[in-house]
Amino acid sequence: DEYYTEELIIALCGQLGTNLSNVSKELKDILEEDYGYECEIKKLSQYLFEENKAIPTDEFDRVKEGMDLGDNIRKKKGYNYLASRAISDILHSRTVDTPNEDFERQDFKSRRKCFIINSLKHPKELEALSKVYGVSFYLLGVFSSEKDRKDNLKKRFAKKHHSKIEDLIKRDDDSEQDNGQKLRKVFVQSDYFIRDSHTNDKLKDKLARFIDLIFDFGVNTPTVDENAM
């Protein structure tokens, strides 16, 4: 019933082609510059290629193989495996920061630290993080238009792969397999939603408002759009 730490866990979710790396960076900058937090960005995809010596150099092949590896690892080790790995890493970082004598007494000091997790793809990953971190956990849903996402992917992928982009987006949204990616089912459960687009230069302002709401800082009355909702 109480806060035992100032730690924050913020997970991101967004459809394939959304620029979540930029969102992660902006969040990190705001928390470090305005709130004195130490931030660490954790990519769940990093766990997929651990057992594979060679990561594909072709960006389309890397994304597709990442999806294949994700499906396989969820099937073999559980639908929440990737989130559980992130939880273990966060726990390890806390034990590293704790002197041995305090660790033995289970005396853990509060840390002004935020872990930004990029990104969730399955409801069981969200469930695991919510159960472990409770009110210290927030899910941020980032929306980009289909055109913007396809344009982003066309810039990332070789031209020979452009015809396969739509199928890859559909697979990311809602795979037919239970152990596949179910981004759509995660996204709708977000605590806060923002839209990011090529023509919108207000991303930092939107993220700053999200952080202000978390800390209950300043006067944050509903926007005109929120009133209309």
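1. Helices H2 (residues 59-77) and H7 (residues 165-173) have axes that cross at roughly 30° and come within 12 Å. Angles under 35 degrees count as roughly parallel, and H2 and H7 are therefore roughly parallel to each other. The crossing of H2 past H7 is left-handed. This is a predicted model.

2. On the H2 side, the contact is made by Phe-60, Val-63, Lys-64, Met-67, Asp-68 and Asp-71. H7 contributes Leu-168, Arg-171 and Asp-172. By class, the residues of this contact between H2 and H7 divide into 4 nonpolar and 5 charged, with no polar ones.

3. The largest nonpolar core holds 27 residues, and Ile-117, Leu-120, Leu-129, Phe-137 and Leu-139 touch the most other members. Two or more residues of this core come from each of strand S1 (8-13), H2, helix H3 (81-96), strand S3 (113-118), helix H5 (123-133), strand S4 (137-143) and helix H8 (183-187). H3 gives the largest share, 6 residues.

4. Which residues does Phe-137 touch, not counting those up to four places away in sequence? They are Ile-9, Ala-11, Leu-120, Leu-126, Leu-129, Ser-130 and Asp-191.

Methods
Residues are numbered from 1 along each chain as its sequence is written. This is a predicted model: local features need pLDDT of at least 70, side-chain atom pairs count only at pLDDT 80 or more; totals for chains, interfaces and linings use all residues. Side-chain values use heavy atoms; hydrogens and water are left out. Axes are lines fitted to C-alpha atoms, for helices over the stretch in contact, and angles run from 0 to 180 degrees between N-to-C directions. Helices (H or I, at least four residues) and strands (E, at least two) are DSSP runs, numbered from the N terminus. Angles under 35 degrees count as roughly parallel, over 145 as roughly antiparallel, 65 to 115 as roughly perpendicular and the rest as oblique. A crossing is left-handed if the near helix is turned anticlockwise from the far one by less than a right angle, and right-handed if clockwise. Contact means heavy atoms within 4.5 Å. Ala, Val, Leu, Ile, Met, Phe, Trp, Tyr, Cys and Pro count as nonpolar, Asp, Glu, Lys and Arg as charged, and the others, Gly among them, as polar. A nonpolar core is a set of buried Ala, Val, Leu, Ile, Met, Phe, Trp, Tyr and Cys residues joined through side-chain atoms within 4.5 Å. Buried means under 20% relative accessible area, exposed over 50%, partly exposed in between (1.4 Å probe, protein chains only).
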